[in-house]
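Colleague: I would like a close look at one part of this model. Please start with the overall layout and then go to the detail.

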Amino acid sequence: MITYILLVSRQGKVRLAKWFTTMPQKTKAKIVKDVTQLVLARRTRMCNVLEYKDTKVVYRRYASLFFVCGIASGDNELITLEIIHRYVEVLDRYFGNVCELDLIFNFQKAYAILDELIIAGELQESSKKSVLRVVTQADSIEEQENSEDTMARLGSLGSRGP
Amino acid sequence: MWERTLQDLIRGLRANKKDESKFIAQAIAEIRQEIRSKDMELKAGAVLKLTYLDMLGYDMSWASFHVVEVMSSPRIHLKSVGYLAAAESFTPETDVLMLTTNQLKKDLSSKPEDVAVTLNGLSHIITPDLARDLAHDLIAMLNHSRAHIRKRAVIAVYKVFVKYPEIVPYGITRLRERLEDTDPGVIAVTVNVLCELVHQNPKDYLALAPQLFHLMTTSSNNWMLIKIIKLFGALSPYEPRLVKKLQPPITDLISTTPAISLLYECVHTCITGGMLQGASGNALARMCVTKLAAFLQDPDQNLKYIALLAMTKIVPSHPELVAEYQDMIISSVDDPDISIRMRTLDLLTAMVSRTNLQTIVQQLLSHLVRPDTSASGLPSATQSLSQYQYRTPLVSATPKSTNAPSQSPAYRLTLSHRILALGAQDTYENVVDFEWYLSVLVDLAYVAGVNVGQQIRDQLVDIVGRVRAARRFAVQLMLKVLTDESFLANAPEEGSCSEILWAAAWICGEHCGELAEPQKLLPHLLQPGLVALDPEIVAVYLQAATKVFGYWAAEQANTFETDDLPKVRDAVDVLLERAGEFATSPDIEVQERAAEMVNLFTFVRADLSAYRPKSDVGMDMAISISAGFGGGFGDTGFGDNNSLDPGFPKSLYLIRPLFSAYELNAVAAEAQSLVEIPEDLNLDAWIVPPPREFTEPDESDDMVEPKKKKKSKKGKEKELGTGKSKGKSKSNGQPDAGDTAGTAAASRTTETAEERAERERRKAERRERLRDDPYYLIDDRPSVSAISANDVDSIPVVRLDDLPPLSQAENARLPSLRNPSLSSAPQTFVIDKTGELPQGSLSRPVSRPVSRQNNKDDANSLRDGASPAVAPPSFPPYEVEDEIARTATPPIKVTRAKKKGTSSGKKKRTKTGDTSPLAE
């Protein structure tokens, strides 16, 4: 199973961090720091697998972002790369030519999409289509709620008004 | 209305890169205000901002109650913010989790969207308590009408199983039903989950095999197939019939699938699931290895990586298949990618054999050669390897850039350890040519540049002990090392591997019989530059010098002519002068050995100067002794045996028997445990009583007496156990200032007022000392200062005092000792793998002729892992019987060394006495 997914910029800034096991903030910070350092030191044309303590780190770079996955040593490295790729594909479809800034400003969306793909470190849906369907559905519900909300606010303002 | 949104926060963070902490402190202060708001929208916004900051590493545990508030919002998009925050920030210790049970139950029976969000969040925050309370709701949800809820429920149930295993028997059947779900997504998730669960108790899941097999042969979903195959890999070791059943479909998949990840999983599972046994298994194995070899050549580095990984796993069962690709694998060590290098190292370690060890080690060694530093290290390294072709092309092939993997100390250390491990595997099983391997060890010391000197030293000493045929070459090689100034010059540097000098000195000293002119080694062994070395090494140097002289002197005695006298005398003078310099070393071990040396050689010099050809030797001896040591020899056995005139100064034979009585061999791992503990040795007794005794301020006499008694017993224990004798002071009539225990014990029945005052005073002194001394070595302290002035003299006196006459038979044995027969250039190396065991636990002290071949009972000689504190060759000669004094300097290391060989060591001492030719 996947223990964490990190999105790290080329400058070493964390853009997204999802942890599938609970651990103290300190341990998380240590892992983020170490793994970021390891991954950033890699060159192109090197393999996408690293060893960190007794786990494996599978990463892939897309434009300026590194997608980093921590997996157990018995897991399949190649399929982890596929999962990363699938996530990127869905992000790309959702945001339309996704870039780093999209993820920075819509981090809760990035989380929501990830949640549709992976729950508790397990791939729950491999189909891009159905992931996108669920996410856009959630968006429309939110919009609907928001508009209701705005109407209600306006209404209450109007009623309270002089 | 105009609070900062998440977007504003992020923009602000980007705008305030220089003063981030201040900006964040301000933002958190705002959030603290907003989060208390009654407006749920605002509260949720604050929680979302906090979640963002949490992701960046800032604490949000203080807000957990507010997170629960947001989770309870009826609006789905706010609720999902709450669940996101909970999933990110809650830990099992978060106390508000207890409050969420009812909220979660409510959400689980709400609208499908709510249920989906809840299941997502719940699978992250679930605790054993929550798992217990919600288990039945969640299991019921496995039959939800909507597929995407069922899918999430499967994962939530998996988390419940993990946190609350008691529910597994109840829930597993319901989970199993999901394997026949109408929705392929649900089936895939169920397989995923089972794949994780199976590792806990594989046997419980064997019943699933038919269903899974059906899925495997019908499905085309590669994501799921990978998991199914992984699942079978876990099951097959528990059901042998599965292997047979699985082989055909897996073979089929391997040969047909275009998906490399699936192919890799198949190969991997075949290996780890033990599917490669038998005739059909061998065919499958060949197929797997062929596929992996294709990966190795693939330009995709990932495939190379996994190929190496999988090959490492297949090597133990099918080494011959992997060996076909040896060259390809070895070349992977040169890969610039550290991940691939490490995998290759693993694989090489796994596939090493008698035939390929040499190639592999040379290749690894070439990586360690630094292009920049090669000027100093390489020439001698290549020299010692001259008969083997050094792979210069590979040296130049090492990456040039400074941050290349081969330059990083961690990698160099790993590489050096690997080389050492490869050679030492199964007690040098794969080493065909030990001369080559010894050269490798020396080369490694030259080029490693990391701290592996100790391992190199241990292996050198170990090999010399175990492989007799390699000794001559080892001595030659070590001679080169000893005479090479570069180790000495680099000694203070990190990673200089100067510990190899320890081995060099020890080996040259112990086996100096291999040298044509051992005396030429003496200046090297006692050069003043040694002070740069670790004191531990210097101590071995001194010991080696004594041994070399002993051997050479005995050899001189064999062919003694009066003309030789000046030569020997000069050598002794030089030795004395050099050793005297070390006698003031701040290190106690060096100091003691140097002092011992000085005294030994003072004696030898006195004997030499008193030697007159063809005169009465016995007289001379007496004179020399009284001149050197101020009496104490009057009643020894020397006068009785002076009818024998050997025609050379007898002191030439003084030193060698001290070292040559026992050959130092590897000791079997269990030897120590087979040594019986002597009856009078109580290992449970305190050597030094615990400090509590001394800190009690008011002791009544009644209390004191038993304690004193106990202590005196301990004092005796120490004498017995460590050979450190208090009896010394008694027998020599020296003031027993430090022997408080003994005094107290003797006078405990009639303790007068003065004695008591005296005792109190000493106790106070002890307490004083105790403060600075972490080891509580209290008893001996005063004796150090009191006796140190005298102790050097006492060593030889006591030593000789105890020597029984040498028998004729032993005398006849001496020539064979001097000329150890050596076959020239042996081609076969016999490794003494087991090491020696004590013959019984007690050796018979008398009647056995002591020869260099007879060493079965030598338990404290050489050990496998060579702990540096133990310096085996040095002690036997100085060990005396318990009641006889030796130096009172408390050398902690010495004590430990003696403990090791307690029982047999004691017996040996008497024997060592038997063999001394001086006593005739």
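Which pattern does chain A follow, read along the sequence? After that, take me to B:Arg152 and tell me where its place is.

Modeller: A caution to begin with: this is a predicted model. Read along the sequence, chain A runs β-β-α-β-β-β-α-α-α-β-β-α. That gives 5 helices and 7 strands. Chain A has 162 residues, and 54% of them count as buried. Take the contacts in chain A with a separation of 6 or more: 47% of these join residues 24 or more positions apart.

Now to B:Arg152. Its place is in helix α9 of chain B, which spans residues 147-163. B:Arg152 has a relative accessible area of 1%, so it counts as buried. Its side chain makes a polar contact with the side chain of A:Glu116, at 2.6 Å. Leave aside the neighbours within four places in sequence. B:Arg152 is then in contact with A:Glu116, A:Ile119, A:Gln124 and A:Val134 from chain A. From chain B, its contacts are B:Ala116, B:Leu119 and B:Asn120.

Helix α9 also has a part in covering another helix. The cover over the buried residues of α10(B) includes α8 (128-140), α9 and α11 (184-197) of chain B. Helix α10 itself spans residues 168-177, and its buried residues include B:Val168, B:Gly171, B:Ile172 and B:Leu175. These four lie on the same side of α10(B), because they cover an arc of only 115° around the axis. An α-helix has 3.6 residues a turn, so residues three or four places apart point the same way.

How values were computed:
Residues numbered from 1 in each chain as written. Chains lettered and ligands numbered in written order. Predicted model: local features only at pLDDT ≥ 70, side-chain atom pairs only at ≥ 80, totals over all residues. Heavy atoms only, no water. Helix = DSSP H or I, 4+ residues; strand = E, 2+ residues; numbered from the N terminus. Buried < 20%, exposed > 50% of the residue type's maximum accessible area, 1.4 Å probe, protein only. Polar contact = N/O pair within 3.5 Å; in protein donor to acceptor, adjacent residues only side chain to side chain. Contact = heavy atoms within 4.5 Å. Arc of directions from axis to C-beta.
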